[in-house]
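Hi,

Here is the structure I said I'd send over. Have a look at it first, and then read on for what turned up.

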Amino acid sequence: MKSAVILFPGSNRERDVANALRRAGGAVEIVWHGESELPTGTDLVVLPGGFSYGDYLRCGAIAARSPVMDAVRAHAERGGKVLGICNGFQILVESGLLPGILTRNRDLRFICREQHLKVERADTAFTKGYAAGQVIEVCVAHGEGNYFADPETVARLEGDGRVAFRYCDADGSVGGLSNRNGSINDIAGIYSENLNVLGMMPHPENLVDAAVGGTDGAALFSGLAKAA
Amino acid sequence: MKARVTVTLKNGVLDPQGKAIQGALGSLGVDGVESVRQGKLFDVELATSDPAEAEATLKAMCEKLLANTVIESYRFEIAS
Amino acid sequence: MKARVTVTLKNGVLDPQGKAIQGALGSLGVDGVESVRQGKLFDVELATSDPAEAEATLKAMCEKLLANTVIESYRFEIAS
Amino acid sequence: MTSTEPAITPELVASHGLKPDEYERVLKLIGREPSFTELGIFSAMWNEHCSYKSSKLWLKTLPVTGPKVIQGPGENAGVVDIGDGDAVVFKMESHNHPSFIEPYQGAATGVGGILRDVFTMGARPVAALNALRFGDPEHPRTRHLVSGVVSGVGGYGNSFGVPTVGGLVGFHTRYDGNILVNAMAVGLAKADAIFYAKATGVGLPVVYLGSKTGRDGIHGATMASAEFDEGSEEKRPTVQVGDPFAEKLLLEACLELMASGAVVAIQDMGAAGLTCSAVEMGAKGDLGIRLDLENVPTREEGMTAYEMMLSESQERMLMVLHPEKEAVARAIFVKWGLDFAVVGHTTDDLRFKVYLNGELKADLPIKELGDEAPEYDRPWVETPKAQAVAAANVQTQADSREALLTLIGSAELSSRRWVWEQYDHIILGETVQKPGGDSAVIRVDGGPKGLALTADVTPRYCEADPFEGGKQAVAEAWRNLTAVGATPLAVTDNLNFGNPEKPEIMGQLVGCIKGIGEACRALDFPVVSGNVSLYNETQGRAILPTPTIGAVGVLADVAKSATIAFKREGEAIILIGD
Ligand SMILES: Nc1ncnc2c1ncn2[C@@H]1O[C@H](COP(=O)(O)OP(=O)(O)O)[C@@H](O)[C@H]1O
């Protein structure tokens with residue numbers, strides 16, 4: 001699998017995700033946001049975490065409008081896979097590749113902690129390595145991860161099975177205190193209509209190594225590597 | 001030419017910052033505040049002195065970048 | 001009673017947001033923008049209908065919470 | 001000099017923080033009345049913050065060398081060998097006064113400054129720590145200050161992309177009017193690729209990099225060394241605003257530039273910005289520097305030489321470059337969207353000459369600006385030994401259950417999770433032990449090697465007995481490192497005290513330094529960097545003496561690091577020590 005990790009000014013988890021992809025056996029190229037084309041043979045585009053353009057104005061807003069995003073859009077339209085993590089998710093919604101928006105966390109504070117997630121379905125390119133309904137432990141690190149969309153959009157997402165992950169507690173129950181940022185329907189990640197674009201707030205790339213917190217994130221990358 | 005753009009949340013969109021401010025005001029002893037909604041403003045200086053051109057630029061700025069029309073509306077005023 | 005509070009950075013205080021926005025506008029092809037400075041606005045609803053009381057509340061809000069007068073100035077307007 | 005500049009009066013001299021005898025020294029040194037710009041330059045170079053005039057004599061007594069020490073105090077940060085060609089680069093610095101005035105920006109720019117100190121040396125920052133002291137939790141300002149400082153520390157570090165892995169938070173009414181924000185940064189570099197401030201070579205370009213210069217914090221460095229009084233909330237100068245986004249770009253651009261071989265010398269523009277950085281580069285290299293200020297990228301129109309020389313705008317660097325690499329260097333900075341300007345060059349006349357549009361604004365002997373700074377042997381009195389209290393004489397008001405509950409429920413002992421959850425402590429994917437334990441542990445480049453990091457001090461002890469308190473702070477840092485299985489390497493310190501012109505306060509400073517020195521010598525635990533923050537007083541009341549110790553240790557294999565939690569039921573609990 002060949003991945004292109006897009007580097008925006010202010011991205012800061014590009015190394016983390018590149019490491020996770022390489023560990024899973026993928027080839028990784030870091031691509032500058034000013035490029036107008038993706039490297040040939042790119043299977044997966046990754047928009048990494050960070051604070052692109054300082055997160056000024058709105059998170060992801062300025063990055064969503066950079067030259068490379070036209071190429072990313074074209075890649076997605078061709079059915080190519082796109083993964084946006086944290087700031088990458090914010091960029092995806094700002095660029096219209098995914099619906100809704102991510103706003104300030106409910107209590108207005110940045111939150112960095114371990115977080116349980118429920119994997120909603122295991123039949124997408126991103127979640128092949130998991131079982132449907134599986135509870136995994138990853139971590140979150142964001143100030144604006146409060147997912148919001150209008151009721152019709154949310155209904156459509158739910159109806160079409162486009163919710164990828166939900167915040168839950170250790171035994172998988174959803175709702176309540178495990179949703180720290182206030183996201184509607186405890187949404188932690190969503191898919192595009194064709195299930196080839198995934199945006200998620202938590203950081204699976206920081207949990208791929210037993211020595212550093214755990215390995216529950218690894219299956220996402222190994223699943224992707226197998227899918228390609 | 002100077003202009004001010006204001007971007008506010010659409011009705012019905014949750015405003016956690018506004019709510020938090022309202023809460024904080026209570027604990028600071030500022031009473032009688034029934035609601036707070038936070039928005040953004042941009043003070044802009046434009047090169048042109050032609051109002052029509054200024055208006056076109058401002059509209060383009062708002063549509064392309066300053067407001068996310070999923071949840072926000074914008075207005076602008078050109079300073080006389 | 002409704003009011004709008006605007007909080008802007010004092011002159012000379014660095015506005016990294018405004019700077020980033022200005023840069024982005026350039027690369028989006030919106031030309032002729034000479035400077036952008038970002039501020040905040042707050043749309044407030046007050047319980048009182050007495051303008052003097054409203055003014056006192058607004059002033060207290062601004063001083064205690066909404067503005068950091070070291071780097072920001074504030075203004076408010078009571079809607080008629 | 002132009003007529004718009006104020007005349008040099010005793011009041012003007014005093015408002016620049018120069019005492020009459022210090023001004024005499026200026027006159028003797030240059031043989032004439034200084035210009036306004038020159039007065040500003042002297043005030044910046046000779047204030048407590050830059051010159052360490054009250055503490056230097058005592059700092060010299062600390063052990064600063066060791067077989068692993070590559071660079072001790074005197075550069076932007078200390079450098080210690082950790083084997084395999086790697087080096088750890090670290091330092092701690094205070095941003096106390098600015099954080100009291102504008103907690104978010106003050107703390108944020110404090111973090112920004114210390115990160116810059118580390119990457120100026122050629123290291124990529126891999127961890128941050130912060131030691132925070134606030135007033136009584138019930139004091140009306142405390143809540144606001146805690147929330148602003150914590151979000152400022154997080155706001156900068158999170159955006160910059162460095163994990164904040166440890167620190168401490170304390171509360172005491174003696175910090176009501178002077179909170180402490182001590183930020184520590186740790187970076188990794190190759191031991192043979194460390195960059196220094198010392199310039200070499202005549203006629204080389206002096207290059208300005210980073211963000212533009214504004215009127216931020218003009219006289220901030222002077223403020224940081226002046227006691228607060230009631231009026232200072234009105235008189236306070238503009239606070240600097242941080243731009244972590246710009247700093248992240250500056251980091252990437254600097255590391256790329258360093259790798260290209262273009263850099264002769266580099267210095268970050270911290271307190272007293274352009275003045276200190278230019279003088280240091282020249283003085284260390286036995287060179288003169290000529291600056292042509294019209295080339296300095298500015299944010300505001302009509303800035304004077306005085307303002308440009310004293311501006312504390314953040315996210316800026318000064319470099320001396322190999323002239324043939326200028327184009328390469330410029331291309332790197334343009335790519336990252338940062339300003340790049342040749343603002344002067346090195347000379348052979350040992351003068352610091354500042355021109356604006358061809359007009360000479362300052363012409364000073366560069367070595368003496370640093371070397372001839374006043375140095376004081378301030379009078380001090382030893383802190384009287386407190387009477388030992390026999391346990392039997394202590395009245396207890398509560399039964400032990402109640403006492404325990406009170407202790408657990410106190411702000412001093414409550415969980416710090418609320419704080420460190422606001423810091424991204426996992427970014428970079430190397431955090432083996434996150435906040436919550438004795439020391440944080442981070443892996444070095446995928447491991448198995450790792451670093452242990454901690455920050456400690458107990459101000460109550462230092463107040464009761466500065467010497468023992470200083471020793472204890474070092475010992476606790478040492479214990480915290482060994483508790484996770486690390487071999488302690490070296491120390492950075494941040495000495496926060498009141499007004500050193502008072503013999504009792506000076507006595508605390510001296511006592512603590514002696515204690516730190518004694519412990520560091522006994523443990524072969526050299527001090528490789530540090531910072532002094534004095535005049536932490538409001539209306540004559542000083543903070544508790546607070547010599548924060550930051551310490552770094554190394555682990556051969558992070559998989560063997562020990563953690564704080566009990567692992568299994570039924571296992572023996574052993575108490576060691578006495
Ligand atoms: N300001 C802070 N930033 C990051 N971590 C912190 C901060 N304050 C405390 N911590 C972390 O919380 C834990 C508990 O801190 P503390 O109560 O000072 O414990 P101890 O006395 O055992 O060092 C430590 O791991 C420490 O690193």
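Which backbone N or O atom lies 3.1 Å from an oxygen atom of the ligand? That one belongs to G167(D). Before you go further, please keep in mind that this is a predicted model.

**The ligand**

A ligand nitrogen sits 2.7 Å from an N or O atom in the side chain of N130(D), and a polar backbone atom of L168(D) is 3.3 Å from a nitrogen atom of the ligand. On its own the ligand has 540 Å² of accessible area, and the protein covers 76% of that.

The shell is made up of 13 residues. N130(D), G167(D), Y423(D), G436(D) and G437(D) are the closest of them. Sorted by class, seven are nonpolar, five are polar and one is charged. In terms of secondary structure, at least two shell residues come from each of β4 (124-134), β5 (164-171) and α17 (417-420) of chain D. The largest share belongs to β5(D), with four residues.

**The annotated site in chain A**

UniProt has an unreviewed entry here, and under "active site" it lists C86(A), H203(A) and E205(A). These positions are spread over 120 residues of sequence, yet they cluster in space, with a largest C-alpha distance of 10.9 Å.

H203(A) is in the loop between β11 (197-200) and α5 (218-227) of chain A, and E205(A) lies in the loop between β11 and α5 of chain A too. Their side chains are joined by a polar contact of 2.9 Å. Are these two buried or exposed? H203(A) has a relative accessible area of 0%, so it counts as buried. E205(A) is at 3%, which means that it is buried as well.

Some backbone geometry is worth a look before you set anything up. Most residues other than glycine have a negative phi, and most peptide bonds are trans. Here are some exceptions.

- The peptide bond from G447(D) to P448(D) is cis, with omega near 5°. P448(D) is part of the loop between β15 (440-443) and β16 (450-456) of chain D.
- Y53(A) is not a glycine, but its phi is positive, near 50°. You'll find Y53(A) in the loop between β3 (44-47) and α2 (68-77) of chain A. With a relative accessible area of 14%, Y53(A) falls under the 20% cut-off and is therefore buried.
- D524(D) has a positive phi near 50° as well, again in a residue other than glycine. The loop between α20 (503-523) and β18 (527-533) of chain D holds D524(D). At 64% relative accessible area, D524(D) is over the 50% cut-off, so it counts as exposed.

That's what I have for now.

Cheers

Conventions. Residues numbered from 1 in each chain as written. Chains lettered and ligands numbered in written order. Predicted model: local features only at pLDDT ≥ 70, side-chain atom pairs only at ≥ 80, totals over all residues. Heavy atoms only, no water. Near = heavy atom within 4 Å. Polar contact = N/O pair within 3.5 Å; in protein donor to acceptor, adjacent residues only side chain to side chain. Areas by Shrake-Rupley, 256 points an atom, 1.4 Å probe, with all protein chains shown as cover. Nonpolar A, V, L, I, M, F, W, Y, C, P; charged D, E, K, R; others polar. Buried < 20%, exposed > 50% of the residue type's maximum accessible area, 1.4 Å probe, protein only. UniProt positions renumbered as here; feature names shortened; annotations may be inferred.
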